[in-house]
Amino acid sequence: LPGSLAFADSEKATFGAGDDLQIYHDGSNSYVKDGGTGNLYLDSSDTIIRANGTENSAKFIGNGRVELYYDAVKKFETTSTGIDVTGTATVDGLVVDSTTPQIKLNETDATDENTQFIQASGSFRIRTINDAGALVAERLRIDHGTGDISFYEDTGTTAKLFWDASAESLGIGTSSVDSLLHLSKAS
């Protein structure tokens, strides 16, 4: 083609004093090889990597997000607040590191029936939260300092089954346990 450079298989277009950057095809595969010092930069406002000439594999959006695809379907995206994953995430471990770490399970087929696992004020808690995340009903609390365990009634405000770990006592209907088994009926 006019204005084109043509190279046979395994011939390289080389750049740099020591052939630091090489572009070539070996008859089976194509290569962009950076063997010099420093980094290889692909500099563009947006960079898209495709498979088969049509399927997006990755997008790098200037001043924005990164998207990763499986079979042209977006599965992973960075956002201004973290990441979004579409599909199942399989991990070898999960560390949630924060002053108040939490995991929220938002149920999309039911209204206001979401679950929150949270570590706050020295205790692990399982809660039910509404869709807006504003209304919280406590369900279970484990105090890490004492080992006490509280199960809450339906409104999520009062512990009605309470294990006092230091006294090795159980309270049913009360969190003020004064014997091995303390039963209390609400008035």
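**Strand pairing, turns and charge contacts in a predicted model**

Alanine 72 is found in the loop between E6 and E7, where strands (E, at least two residues) and helices (H or I, at least four residues) are DSSP runs numbered from the N terminus. The structure is a predicted model, in which local features need pLDDT of at least 70 and side-chain atom pairs count only at pLDDT 80 or more, whereas totals for chains, interfaces and linings use all residues. Residues are numbered from 1 along each chain as its sequence is written, and side-chain values use heavy atoms, with hydrogens and water left out.

Although alanine 72 is not a glycine, its phi is positive, at about 70 degrees. Aspartate 71 lies in the loop between strand E6 (66-70) and strand E7 (73-79), and its phi, near 50 degrees, is likewise a positive value in a residue other than glycine. Most residues other than glycine have a negative phi. With buried defined as under 20% relative accessible area, exposed as over 50% and partly exposed as in between (1.4 Å probe, protein chains only), aspartate 71 counts as exposed because its relative accessibility is 53%, while alanine 72, with a relative accessible area of 37%, is partly exposed.

Strand E2 (residues 21-25) pairs with strand E3 (residues 30-34) in the antiparallel sense over five bridges, two strands being taken as paired if DSSP finds at least two bridges between them. Within this pairing, isoleucine 23 has valine 32 of E3 as its bridge partner. Four residues separate the strands in the hairpin of E2 and E3, and glycine 27 there takes a positive phi near 100 degrees. In the hairpin of E10 and E11, by contrast, two residues lie between the strands, and serine 121 takes a positive phi near 50 degrees.

Strand E10 has pairing partners in both E9 and E11. E9 and E10 run antiparallel and are joined by four bridges, with lysine 104 standing opposite glutamine 116 in E10. E10 also pairs in the antiparallel sense with strand E11 (residues 123-129), over seven bridges, and asparagine 114 stands opposite isoleucine 129 in E11. The covered face of E10 is made up of Asn114, Gln116, Ile118 and Ala120, and the uncovered face of Thr115, Phe117 and Gln119.

A search of the whole structure finds seven salt bridges, a salt bridge being a side-chain nitrogen of Lys or Arg within 4 Å of a carboxyl oxygen of Asp or Glu. Side chains of opposite charge can pair when their charged atoms come close. The side chain of glutamate 138 meets that of arginine 125 in a salt bridge (3.9 Å, N to O). Glutamate 138 lies in strand E12 (residues 136-143) and arginine 125 in strand E11, so this pair ties together parts that are 13 residues apart in sequence. Glutamate 138 also forms a salt bridge with arginine 127, the closest N and O atoms being 3.1 Å apart. Because arginine 127 lies in strand E11 and glutamate 138 in strand E12, this pair ties together parts that are eleven residues apart in sequence. Arginine 125 is buried, as is glutamate 138, and arginine 127 is buried as well; the relative accessibility of glutamate 138 is 6%. A further salt bridge joins glutamate 138 to arginine 141, with the closest N and O atoms 3.3 Å apart, and arginine 141 is partly exposed at a relative accessible area of 26%. Elsewhere, Arg65, Glu67, Lys74 and Glu77 are linked in a network of salt bridges.

Two surface patches were also identified, each made of residues with over 30% relative accessible area and no salt bridge, like charges being joined within 9 Å and nonpolar side chains (Val, Leu, Ile, Met, Phe, Trp, Tyr) within 5 Å. Glu107, Asp109, Asp112, Glu113 and Asp131 gather in a patch of negative charge, where Asp and Glu count as negative and Lys and Arg as positive, His and the chain ends not being counted, and where the place of a charge is taken as NZ of Lys, CZ of Arg, CG of Asp or CD of Glu. Aspartate 112 lies in the loop between strand E9 (102-105) and strand E10 (114-120) and is partly exposed, with a relative accessible area of 37%. The nonpolar patch is formed by Phe151, Leu161, Ile172, Leu180, Leu181 and Leu183, which together have about 580 Å² of accessible area, as given by the Shrake-Rupley method with a 1.4 Å probe, only the protein chains shown counting as cover for residues.
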